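User: I have a model to go through. Let us take the strands, then the pocket.
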Amino acid sequence: QVQLVESGGGLVQPGGSLRLSCAASGSIFRIDRMGWYRQAPGKQREMVATIDLGGSANYADSVKGRFTISRDNAKSTVYLQMNDLKLDDTAVYYCNTRALTTTAWSASDYWGQGTQVTVSS
């Protein structure tokens, strides 16, 4: 199995910055895609940003130019640098990875427990 541990959430004023981190551990053979999703109260979970094994990133239109996703393959860790935060960015942010474990025949999706990001003045 794969465990994901997130950190870096908190309370920030509009225009501020936060950096989220997510470290993967467990019986990992290969990590393919890593990413961040978020869910605001009363809304569906949505993709924020993803990054593949080669480093190609994909962003939601609402965060382009403000958020940057990166990964450290040696540490099995993904980061999300969030700048110019807006009130609408308030949500629980979930780390996601698609990984192949040493005991599986195919890759599966794994989720972290979520970290709260609150943007408020």
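User: How many bridges join β7 to strand β8?

Analyst: This is a predicted model, where local features need pLDDT of at least 70, side-chain atom pairs count only at pLDDT 80 or more, and totals for chains, interfaces and linings use all residues. Residues are numbered from 1 along each chain as its sequence is written, and side-chain values use heavy atoms, without hydrogens and water. Strands are DSSP E runs of at least two residues, numbered from the N terminus, and two of them pair if DSSP finds at least two bridges between them. β7 and β8 (residues 77–82) run antiparallel, and the number of bridges joining them is 6.

User: Which residue in β8 stands opposite Phe 67?

Analyst: Ser 70 stands opposite Tyr 79 in β8. For Phe 67, the residue opposite in β8 is Met 82.

User: What is the strand order of the open sheet?

Analyst: β3 (residues 18–26) also runs antiparallel to β8, joined by 6 bridges. The edge strands, β1 (2–7) and β7 (67–72), each pair on one side only. The sheet has 4 strands with antiparallel pairing, in the order β1-β3-β8-β7.

User: Why is β8 largely enclosed by the rest of the structure?

Analyst: Buried means under 20% relative accessible area, with a 1.4 Å probe and protein chains only. β8 is largely enclosed because its buried residues number 5 of the 6.

User: How many charged residues are in the lining of the largest pocket?

Analyst: Asp, Glu, Lys and Arg count as charged. Among the residues that line this pocket are Arg 38, Lys 43, Glu 46 and Asp 88. By class, the lining has 3 nonpolar and 3 polar residues, and the charged count is 4.

How values were computed:
On a 1 Å grid over the protein atoms alone, a cavity is a set of points where a 1.4 Å probe fits but cannot get out, and a pocket is an open set with protein on both sides within 12 Å along at least five of seven lines; lining residues have an atom within 4 Å of a point. Buried means under 20% relative accessible area, exposed over 50%, partly exposed in between (1.4 Å probe, protein chains only).
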